[in-house]
Amino acid sequence: MSGSAERVVFVHDRPGQESLLTGGTIARLRSDDAEVVVLFGSTDFHSADDSDVRAAMAALDVSDWRMLPAASGAQSLAEAVADVLADVHATAVVVGADDDTLRRAAAGAADSLNVPVFEHRQVTDAVGQRLVAIDVSGQVDQKLRALAAYPRRWSVTDHTVVPAESVAAADPIDPADRPVTIGGTETFLRLPPAHAPDPGATPGLLSRGLAAVVALLTGAVFGVLGTIAHQATLPIGPVTIPIGLILALAGIMTLLAGLRLMLGNRLVVFSCAIGLLGTIFILSLRSAGGSVLVPEGIPGLLWTVVPTLVATIVLAWPRIPARPGLA
C-alpha cells in the first residue's frame, strides 16, 4: 500500500473511525500521491455533522469520501461496496469496521474483484498473527488534527484522545469509548482470499485418487515414448551417441523428481512410477510374433534398470521441511 499508483479504499462504519484507526496510514498514502477513498457504511454520523467530516478529510488531505446507500441485506451491501471498488479501480481495501455485516461485505466485494484486503487490528487483538505495521510517525500531527475535527465525539489533549461522555455511553463497543494514546504505528492484518485453499488442509480422498490416476497414465505415456525412442542414436564421426536413451532417461528423471518437488506427495510419484515401470516391463517382453521393443544390450539394460533406480531414490527422499517465516 505505497506509491502513487495505489488506489486504496478505506471502509469504516461511521465518520471518526477513519481518523482514529487509520488516519496515519491515510495521510501517509496521500503524501506518496496515492489515491484514497474513504467509504462509510452508516448514515448515523454519531454526533458528527458534515462540517466535521470535511475538516477531518482536509486534515488527512482526502478529497473523496462517500456514504454507502442504505442496503436491504449483506448481498446488496457487498454489491454497493463492489461498485465503489470497480469505479475507482481499487488496488487495495482497508477495513476498520466494527459491524460484522459491513466487514464481511467489504471483504467479499474485494475478493470478487481480486483486490487484497487489510483489516485494522491492534497488536493485543492479533496474538500469534503476522501483522503489517505502517510507520506513521511523520503523520501523527495530521492524525491529531483530523481527530480534533470531531469535537462532539472526543477531545484531543497532546497525544491522548478522550471520548465525550455522551458518545461513550451511547456506544460502548466503539474503539473510542476509552482514552486512546496516539502512537506512530498502525497495524493491519492481511486477510486471505475467501477462495484460497487452507494451507494446512489435507487433500480429499477423491482429489488424491484423481491425481494418482492422472499420474499413472502419465507414467504409462512416458514409458511408451521412452521405450520407442531409447534405441535412437546419433552418429558423429566414429562415435555413436545414444541420444534416444539419454533423452528418455532425462525425461523420466525430470518427471519423477518434478512431481516429488512440486507436490511433495509420495502417492502421486508412486502411481507415476508404477505406470512407467509397468509399461516398460510389458513392452520389454517378446511379442507373439517374436519382435521386441527392448533388445538385449547395454541400452536395453539401462532402460530397464535406471528408471527403477530413479523411482526408488525419488520415493525415498525425505520430506524437506518448509523454511520458517521471518519474524
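## The aromatic pair

Searching the whole structure, a predicted model, turns up 1 aromatic pair (rings of Phe, Tyr and Trp, the last by its six-membered ring, pair if their centres lie within 6.5 Å; planes under 30 degrees apart count as stacked, over 60 as edge-to-face and the rest as tilted). The ring centres of Tyr150 and Trp154 are 6.0 Å apart and their planes stand at 70°, so this pair is edge-to-face. Tyr150 and Trp154 are both buried (under 20% relative accessible area, with exposed meaning over 50% and partly exposed in between, for a 1.4 Å probe and protein chains only).

A word on conventions: residues are numbered from 1 along each chain as its sequence is written. In this predicted model, local features need pLDDT of at least 70 and side-chain atom pairs count only at pLDDT 80 or more, while totals for chains, interfaces and linings use all residues; side-chain values use heavy atoms, leaving out hydrogens and water.

Strand 7 (residues 154–157) and strand 8 are antiparallel partners over 4 bridges (strands pair if DSSP finds at least two bridges between them; helices, H or I of at least four residues, and strands, E of at least two, are DSSP runs numbered from the N terminus). The two strands make a hairpin with 2 residues between them, and Asp158 in its turn has a positive phi of about 55°.

Which residues lie on the covered face of strand 8? They are Val161 and Pro163, whereas Thr160 and Val162 lie on the uncovered face. Strand 8 also pairs with strand 9 (residues 180–181), antiparallel over 2 bridges, and there Val161 has Val180 as its bridge partner.

An open sheet has 7 strands in the order 3-2-1-4-5-10-6, with mixed pairing. Strand 3 (65–67) and strand 6 (132–135) are at the edges with a single partner strand each, so one side of each has no neighbour in the sheet. Inside the sheet, strand 5 (residues 117–120) and strand 10 (residues 185–191) run antiparallel over 4 bridges, with Phe118 bridged to Arg190 in strand 10.

## Nonpolar cores

The largest nonpolar core has 32 residues, and Phe10, Ile26, Val36, Val38, Val62, Leu147 and Ile182 have the most contacts inside it (such a core is a set of buried Ala, Val, Leu, Ile, Met, Phe, Trp, Tyr and Cys residues joined through side-chain atoms within 4.5 Å). Helix 1 supplies the largest share of this core, 5 residues. Leaving aside residues up to four places away in sequence, Ile26 touches Phe10, Glu18, Val36, Val38, Leu60 and Val62 (contact means heavy atoms within 4.5 Å).

## Helix 8

Helix 8 (residues 243–263) has 21 residues and spans 30 Å from its first C-alpha to its last, close to the 30 Å expected at 1.5 Å a residue (1.5 Å times one less than the number of residues). Its buried residues include Leu245, Leu249, Ile252 and Arg260. Among the elements covering the buried residues are helix 7 (205–229), helix 9 (266–284) and helix 10 (298–316). Gly264 follows helix 8, with a positive phi near 60°.

## Positive phi in two loops

Most residues other than glycine have a negative phi. Asp61 has a positive phi, near 65°, in the loop between helix 2 (50–59) and strand 3; Asp61 is partly exposed, at 41% relative accessible area. His89 has a positive phi near 55° and sits in the loop between helix 3 (74–88) and strand 4 (92–96). His89 counts as exposed, at 54% relative accessibility.
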